[in-house]
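Good morning, everyone. Please look at the screen while I talk.

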Amino acid sequence: MSRVALVTGGSRGIGAAISIALKAAGYKVAANYAGNDETARAFTEATGIPTYKWDVSDYAACTAGIARVVDELGPVEVLVNNAGITRDAMFHKMTPENWSAVIDTNLTGLFNMTHPVWTGMRDRNFGRVINISSINGQKGQMGQVNYSASKAGDLGFTKALAQEGAAKGITVNAICPGYIGTEMVRAIPEKVLTERIIPQIPVGRLGEPEEIARCVVFLASDDAGFITGSTISANGGQFFV
Ligand SMILES: NC(=O)c1ccc[n+]([C@@H]2O[C@H](COP(=O)([O-])OP(=O)(O)OC[C@H]3O[C@@H](n4cnc5c(N)ncnc54)[C@H](OP(=O)(O)O)[C@@H]3O)[C@@H](O)[C@H]2O)c1
């Protein structure tokens, strides 16, 4: 029986690549998304992967959404917490709304999504939780105090929960992508990308979503059973921890 994998924000960007790679590796995949129905519909049409709409910052919505996935596909054995947003501003201009939106989605979203599947993973003595953090959670980034704090929080969440899951066959790991060529990064002005960001990446290019997806497939596999609480930095050599 193939395992069920649930990918938040799995309908576009890095999440879409993760959903596609997990399906290719034999998983039954469910892709969650927030509101972009058009993209989600096109994604399902193109890939055959069902999409489910709910907001990861809303605990009740997560519980209800996960219940639908379980009903239609089976218990969630692999959870990829990928959904994330930016609301960039220099700190002196950052509004409480900028702060809360990012923390609620990028950090509280991990609690909201993982908590409802955790007991089932413990009961079945197997689980994989893979959190997509960011290079900017490791090193900090000006203009992203909210985002950097949320992504650093994801790493603390990963390390603490890994210790709780270890004896129950559940691994909890994080991936810190560097700059990956998705809409989130393409939204950065071309001049800033080519003159300021790419020169800081030793391999000389943006990463591809598929390069992150391959890390996820590995961490989800039985082969990765001894790896927990760890962080894979996939950033083209831009930052070493
Ligand atoms: N791109 C990069 O260079 C980069 C680097 C480091 C880390 N990351 C991290 O990698 C992850 C994916 O980034 P990306 O660039 O692929 O992002 P993206 O292209 O902007 O896609 C974001 C995905 O998350 C979903 N989403 C956003 N808020 C949500 C919410 N509240 N509830 C449910 N789904 C939500 C979106 O759904 P809709 O389509 O409905 O909006 C979309 O599917 C994020 O956590 C990001 O922080 C990205």
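Which hand does the crossing of helix 1 and helix 10 have? It is right-handed.

A word on the source. This is a predicted model, where local features need pLDDT of at least 70 and side-chain atom pairs count only at pLDDT 80 or more, while totals for chains, interfaces and linings use all residues. Residues are numbered from 1 along each chain as its sequence is written, and side-chain values use heavy atoms, with hydrogens and water left out.

Back to the first pair. Helix 1 covers residues 13-24, and helix 10 covers residues 209-220. Helices here are DSSP runs (H or I, at least four residues), numbered from the N terminus. The two pack at about 50°, with axes 8 Å apart. Axes are lines fitted to C-alpha atoms over the stretch in contact, and angles run from 0 to 180 degrees between N-to-C directions. Helix 1 and helix 10 are therefore oblique to each other. Oblique is what remains after roughly parallel (under 35 degrees), roughly antiparallel (over 145) and roughly perpendicular (65 to 115).

Who touches whom? Contact means heavy atoms within 4.5 Å. Helix 1 brings residues including Ile14, Ala17 and Ile18, and helix 10 brings residues including Ile212, Ala213 and Val216. By class, this contact has 11 nonpolar, 1 polar and 1 charged residues. Nonpolar means Ala, Val, Leu, Ile, Met, Phe, Trp, Tyr, Cys and Pro; charged means Asp, Glu, Lys and Arg; the others, Gly among them, are polar.

Next pair. Helix 3 (residues 59-73) and helix 5 (residues 108-124) pack at about 40°, axes 9 Å apart. That makes helix 3 oblique to helix 5. Their crossing is right-handed. Tyr59 of helix 3 and Phe111 of helix 5 are among the contact residues.

Last, the ligand. Of the 30 residues around it, Arg12, Gly35, Asn82, Tyr147 and Thr182 come nearest. A backbone N or O atom of Ile14 lies 2.8 Å from a ligand oxygen atom. A polar side-chain atom of Ser11 lies 3.4 Å from a ligand oxygen atom.

Definitions and conventions
A crossing is left-handed if the near helix is turned anticlockwise from the far one by less than a right angle, and right-handed if clockwise. A residue is near a molecule or strand if one of its heavy atoms lies within 4 Å of it. A polar contact is a pair of N or O atoms within 3.5 Å; within protein, one must be able to donate a hydrogen and the other to accept it, and residues adjacent in sequence count only if both atoms are side-chain atoms.
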